[in-house]
Amino acid sequence: GRKRQIPLRDIFADGVGNNTITPEEILVSVHIPHSRKGEYVSAFRQAPRRENALPITNAGMRVLFEEGTDIIKDLSIFYGGAVSTTICAKQTCWTLIGRHWNEQMLDEACILILKEIALRGSASGEEVDYKKTLIVSFFYRFFLEVLQSLKTMDPCHYPGIPMEYRSVLQDFKTKMPQSIQIYQAKPSQSPQDPVGRPIMHQSGIKHATGEAVYIDDLPSVDGELFLAVVTSSRAHAKIVYIDTSEALKGSGVFDVITAHDVPATNEFYYSDDPEIIFARNKVICVGQIVCAVVADSDVHAKQAAAKVKIEYEVLEPVILTIEEAIKHNSFFEPKRKLEQGNVDQAFETVDNIIEGEIRIGGQEHFYMETQSVLAVPKGEDKEMDVYVSTQHPAIIQEMVAASLGVPANRIMCHVKRVGGAFGGKLLKAGLLASVAAVAANKTGRAVRLILSRGDDMLITGGRHPFIGKYKVGFMNDGRIRAVDAKYYINGGCTPDDSVLVAEVSLLKMDNAYKIPNLRCWAYACKTNLPSNTAFRGFGFPQSALVTETWITEVADKTGLSPEKIREINMYKENEQTHFKQKLDPQNLIRCWNECMEKSAYYSRKTAVNEFNKQNHWKKKGIAIVPMKFPFGLGTRYLSQAAALVHIYTDGSVLLTHGGIEMGQGIHTKMIQVASRELNIPMSCIHFCETSTTTVPNACASAGSAGTDVNGMAVKDACQTLLKRLQPIIKKNPKGTWNDWIKEAFEQIVSLSATGYFR
């Protein structure tokens with residue numbers, strides 16, 4: 001009915017007096033006045049990243065001075081992001097009116113602001129402390145900006161700010177990233193040979209246009225049902241009762257699937273403790289699957305799942321952290337120990353000893369494509385097609401077959417490509433595929449299970465949180481003589497790969513350094529968290545970080561630079577590692593020296609030190625760290641691979657192998673290998689999918705070894721085919737590839753071959 005104007009600060013002050021905004025009022029305009037003479041306005045924002053991130057805290061500040069002076073006439077200080085709404089530090093502003101713009105005012109302002117802006121209900125103590133620091137820092141920066149402006153206006157009267165403080169007034173510049181790809185083609189290489197050349201990913205364009213087909217892009221099957229899981233809301237409890245009556249009344253709901261519907265294996269004993277499809281009598285973490293709802297749409301399934309009521313009886317103890325696991329002696333067996341040399345004796349002869357502890361948090365895989373399965377029963381002989389986003393089709397086949405109580409030859413597992421995995425689509429993908437397969441088996445219909453991002457992060461584990469305790473003995477010249485370490489990893493509620501991760505953290509803890517006397521323990525803690533699992537690096541990132549932490553500490557204590565300590569202790573000549581493998585460190589030394597030279601490390605370090613001397617607030621740093629990463633899997637039989645190559649009579653080649661494409665371009669590389677071996681263009685070769693029907697018992701694509709082993713298998717298959725074609729090529733050396741293939745078929749030569757590598 002009427003227009004009115006309200007000062008903005010009154011709105012932020014929760015509507016003072018008559019200035020409360022009523023629900024029927026509509027915002028018409030915002031008036032932003034020009035700044036006046038002697039008035040300064042600034043805004044600040046701090047976020048976790050410079051782009052694409054919500055602010056931790058932001059601020060807007062304004063000051064107006066009495067004409068020709070530095071006496072505050074009016075002041076506004078607003079903060080956003082620190083608490084739930086934008087707030088004005090009114091009390092502070094009123095108190096400071098009439099003060100001079102100087103250090104004394106600054107000290108008073110900081111105390112007043114912190115008193116006035118109370119941070120309530122924040123997550124952690126550290127976060128509160130950090131926000132408080134930001135709140136004060138923003139005002140301090142505003143103080144310096146205004147001081148510098150006053151100095152510019154009247155250089156005689158105002159001191160300005162010291163030289164080394166001035167960098168605080170310069171904003172960070174965002175540099176546009178640039179990259180260059182350098183590759184070395186051998187001079188002797190034929191122009192047709194694609195190996196070692198920068199070939200674009202076969203699906204690169206399709207990834208960019210969205211034409212690449214992932215599990216949830218597969219067209220729906222007639223009568224297909226959607227599955228939504230019901231998860232535990234308790235970390236450790238007995239299941240007293242599951243009430244599905246309300247859920248079954250829901251629109252479009254077909255059935256509820258529980259542990260009773262699993263025809264055969266519900267618990268997989270890969271070690272002493274089982275991996276579980278559906279919780280039976282008790283739950284051992286929040287996010288454990290208790291049952292599932294199948295319905296005619298994704299929305300109906302999720303609505304019904306929310307209506308399932310579960311009654312629990314809480315069990316003790318609830319163990320969540322590594323410390324609690326140590327207190328309750330809760331570990332997965334076996335514990336691992338590695339020892340070489342005489343550690344205790346070495347500690348008696350060293351110049352210095354340091355002891356310490358480092359804690360490393362977990363990490364979410366955050367693959368682009370969440371866990372996804374489509375299970376399609378064939379309708380006879382208990383056959384089932386399973387389309388799944390996984391790194392390991394063979395384990396999916398094995399687990400689904402075991403849960404349904406059928407031989408593996410009835411389960412056909414297909415993987416076209418995976419939208420990222422990083423270790424997160426091994427065992428857990430097998431359990432989720434079994435959930436969908438059990439539902440498909442019970443209903444006789446195709447079942448689609450696509451986890452939402454929230455459910456995926458709730459149900460699946462990630463990288464293991466880690467505590468490393470160390471004691472290091474070293475000489476004054478920086479030589480490390482002895483290390484005694486203990487590693488604890490948070491395994492979660494089931495074993496999964498935790499003991500193996502703990503083992504690898506021991507095997508790779510030396511990184512690039514020769515440690516003559518070493519004793520190291522690793523414990524996988526059993527807790528009530530979703531089971532943690534394989535994750536890129538598999539225990540190495542954690543234990544290497546512990547090692548690099550004490551390397552820098554040794555540098556601190558000896559007064560030498562960290563790169564000197566690294567250089568002194570690096571593997572130097574042919575020797576054995578602490579896990580008894582022969583190592584020739586020539587490449588390590590070459591890489592280190594080349595990197596030092598190409599990066600102009602020392603001149604950049606000098607420039608960094610110079611910059612830091614001149615800048616009180618902004619600091620630069622530079623570091624160089626060597627890395628030795630033993631790739632592949634410790635168990636020998638896990639590094640075998642097979643391939644299958646067909647040549648059709650039109651000369652085109654269909655290639656398949658046991659490796660999984662998850663963005664790294666393995667299929668592109670395999671086509672490169674086949675192209676070189678058969679001496680035909682890459683355009684003649686096609687890869688369709690990885691499937692248990694073409695390559696059985698394939699090992700997981702994991703541990704950075706997929707290309708190495710599958711590439712050798714493809715090479716083997718191609719060489720077999722070429723050997724068969726040799727007599728025909730000899731007879732007609734001027735013929736084309738198509739001529740030779742036609743002739744081979746007419747001469748009854750097999751144009752299909754398997755390849756194998758171990």
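Which residue's side chain meets that of Arg-359 in a salt bridge?

The partner is Glu-323, at 2.3 Å from N to O. This is a predicted model. The pair links distant parts of the chain. Arg-359 sits in strand E14 (residues 352–360), and Glu-323 in helix H8 (residues 322–327). They are 36 residues apart. Arg-359 counts as exposed, with a relative accessibility of 52%. Glu-323 is partly exposed at 35%.

## A bridge close to the start of the numbering

Glu-25 and Arg-4 also join their side chains in a salt bridge, with an N to O distance of 2.7 Å. Glu-25 lies in the loop between helix H1 (8–12) and strand E1 (39–46), while Arg-4 lies in the segment before H1, so the bridge ties together parts 21 residues apart in sequence.

Both ends have computed accessibilities. Glu-25 is partly exposed at 29% relative accessibility. Arg-4 is partly exposed too, at 26%.

## A buried bridge and its network

Asp-484 and Arg-519 form a salt bridge between their side chains at 2.9 Å, N to O. Asp-484 belongs to strand E20 (residues 480–492) and Arg-519 to strand E21 (residues 517–526), so this pair ties together parts that are 35 residues apart in sequence. Asp-484 and Arg-519 are both buried.

This pair belongs to a wider set. A network of salt bridges links Asp-484 and Arg-519 with Lys-337, Glu-339 and Asp-344.

## The overall count

Side chains of opposite charge can pair when their charged atoms come close. With nitrogen-to-oxygen contacts counted within 4 Å, the total is 36 salt bridges.

Note on methods
Residues are numbered from 1 along each chain as its sequence is written. This is a predicted model: local features need pLDDT of at least 70, side-chain atom pairs count only at pLDDT 80 or more; totals for chains, interfaces and linings use all residues. Side-chain values use heavy atoms; hydrogens and water are left out. Helices (H or I, at least four residues) and strands (E, at least two) are DSSP runs, numbered from the N terminus. Buried means under 20% relative accessible area, exposed over 50%, partly exposed in between (1.4 Å probe, protein chains only).
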